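Here is a set of questions and answers on one structure. Please keep the sequence and the model in view while reading.

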Amino acid sequence: MSATLAAPAAVGFSRIFGPRKSVNKPPEETDAKRVQFNSRLLPYLFLAPQMAIIFVFFYWPSVQAIHSSFYLEDPFGFGSTFVGLANYTDVLKSGEYLGIARFTAVFTALVTFFSLAIGLLLAVKADGVIRGNATYKTLLIWVYAIAPPVAGLMGMMMFDQHIGPLVRFAAFFGWDLKVGLDYTDTAFAMIVVSVWKQIPYNFIFFLSGLQGIPVSVREAALMDCRSGFRRFWTVILPLLAPTAFFLLIINTTYALFDTFGVIDVMVKDKAANNPITLVYKVYMDGFRGNDLGGSSAQSVILMIIVFVLTIFQFRFIERRVHYN
Amino acid sequence: MAAINITNVSKIYSGGVEAVKSVSIDIADGEFIVLVGPSGCGKSTLLRMVAGLEAISKGTVEIGDRVINDVEPAERDIAMVFQNYALYPHMTVYNNLAYGLKNRGTPKAEIEARVAEAARMLEIEQYLTRKPRALSGGQRQRVAMGRAIVRKPAAFLFDEPLSNLDAKLRVSMRGEIKQLQKRLGTTSLYVTHDQLEAMTLADRLVVLNGGQIEQIGRPLDVYHTPASIFVASFIGSPAMNLLRGTREGNLLHFGSQVLDLGRAAAFPGQITVGIRAEDLRIATSGEQALTLKVEYIEELGAQRLVHGMIDGKKLTASLSPEIEIDETMALTIAPERLHFFDADTGKRLDQPFAGAESGRMSAPANVIKLETAL
């Protein structure tokens, strides 16, 4: 079940990024597969809806953001003044901004690492279960069917000052957990809830990836290597690399952007000294502080960060990924 | 190198299905044993139990005097060649060969020497730096063999290793496997559903059916004295003709047609008679004969397979291409070449004659006369 659910996406991904490497494919083969259109215009027509969506929802806002990042906007929309790179220099000189950037880096790294690691661990264990494995897998995947805001809310309830079981659990060890008041405690809760929400997603992909590894290859490894731990690192994990790489990018993006809801619920209407990520800062400055120019500059910086990160991942990590 | 003793081994799945039923095989050191049978006969399950990929429900498996029932697959001192090669796709050919040795802590110099030796033996030296996906099916199969060879195990296990290759390559690889095994002298257990592969490779073959051993024996012994109707129909191509017959005194009736056995036989009236296609020959005038109504002919070049009916029952004869084919043909067979099986149990009935060799001597006088005339 999980395989059919998740495999197409993973396959699609490797198909999108895989062929870059297959330079050794003879040109005739690719030519033979090329579809011939009667009209030169027709292929562009087919592409148009997709292009329109990308343009309206991605390029246009991006251009708008870049444009307004060079202006000081009037908070009430009466006019704007060109200020050059002032918005950028202001942002980059601000100690507060750099602190948030530092927290975002730590937050993203931890959330990505733990959601990947726990998802992988659960998938490996679920894959190894022989008796009642369907039930076990369904129970783990089930969580994914819960709507993300509901899941987020449930996570938050766990850390509620009055009824949260995790707060009581921490108190049991003498830890006075104060989410929304204490910087470290809030950061801790944010990371836990963000990781918790993402685990089922990673679990599904890792499980389908594991099931895609040929049984005979595992059996060959079983005869070649006694240690299960070593087998995992030398055979299973390398063969999972395409899935893991795909999830690395998805999870990084998730931690950078999609944790917005979690952060919002956790720090909204709370005391000021709480950890937030860059995305939340963009929202705060733009929509709470009405500093559209500064907010735009931050968006552009964020865009550049993601761009650089993705290029880095593809250049240095994907090189080690083996696509079948 | 070691002997393998399989004693009363059974495989019972959780649903109660018995895939292998109390099988015992003693494999001598250096012997090439082929497990052959139709799909679902339990041959792969048996091999996988020896390999350690399936738990042994009952019985024991010993490799070189060591019971390995509860030993990890990696510690059984065996190497396996899989049907779909099962190469590690992310490793180069060199690393595929070296992986098992590295995990055993073999010194680097020795690994290099062994890989080089195996690569030379299998002529895959120029592919050592390639990944498996850049290899053809035959080359991958060689790498899979190389991975087994470098380990220098007590036994090789082959699980239908040639099934994914095309017919021509299969024949040449078959020869190579046989030569290689002879040269290395490693005890081998080979699973196949292809009776031709089984006949050509085996020192002894084990015919399995429904999880049970039908017969163990040298290929020619199995071919010439099949222990049951199942073995008779499974081993040999074209398959042995099996006709229902009735014996009355010295006479064997196939419906309206009669064959004189020349002497009394000590088995019941209703029997199944087995006739190898190549044992049939054209009857000369005056000789007793079965009349075959020819239906169609398969030309194989060296011989010609004539398919037809004898009293409503199918029969195939393998004849020389020089013999002219009529609509009906008179065929005969030396009585001692007939195989008799119990019609109910399918088991072979002992030859009614006093052994194959002396039986041929004491065959009816007219047959001897005609044979010398031919």
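Q: Which exposed residues does the face of helix 3 of chain B turned away from its buried side carry?
A: The model is predicted: local features need pLDDT of at least 70, side-chain atom pairs count only at pLDDT 80 or more, and totals for chains, interfaces and linings use all residues. Residues are numbered from 1 along each chain as its sequence is written, with chains lettered from A and ligands numbered from 1 in the order in which they are written. A residue is exposed if 12 or fewer other C-beta atoms, placed from the backbone, lie within 10 Å of its own, buried if 20 or more do, and partly exposed in between. On the face turned away from the buried side, the exposed residues are B:A109, B:E110 and B:R120.

Q: Within what arc do the buried residues of helix 3 of chain B fall?
A: Helices are DSSP runs of H or I with at least four residues, strands are runs of E with at least two, and both are numbered from the N terminus. In helix 3 of chain B the buried residues are B:V115, B:A118, B:A119 and B:L122. They line one face of the helix, because seen down its axis (by the directions from the axis to the C-beta atoms) they fall within an arc of 100°.

Q: Which helices do the buried residues of helix 3 of chain B pack against?
A: Contact requires C-beta atoms, placed from the backbone, within 7 Å. The buried residues of helix 3 pack against helix 2 (93-103) and helix 4 (137-150) of chain B.

Q: Which residue of strand 8 of chain B is the bridge partner of B:V34?
A: Strand 3 (residues 32-36) of chain B has five of its five residues buried. Strands pair if DSSP finds at least two bridges between them; strand 3 and strand 8 (residues 187-192) of chain B pair in the parallel sense over five bridges. The partner of B:V34 there is B:Y190.

Q: Which are the edge strands of the open sheet of five strands in chain B?
A: The sheet has the order 15-19-16-17-18, with antiparallel pairing. Two of its strands pair on one side only, strand 15 (281-282) and strand 18 (313-319) of chain B.

Q: Which helix of chain A gives the most to the side that touches chain B?
A: In the contact between the chains, 16 residues of chain A meet 17 residues of chain B. Helix 10 (215-224) and helix 11 (228-258) of chain A each supply at least two residues of that side of chain A. The most, seven residues, comes from helix 10 of chain A.

Key: Contact = placed C-beta atoms within 7 Å.
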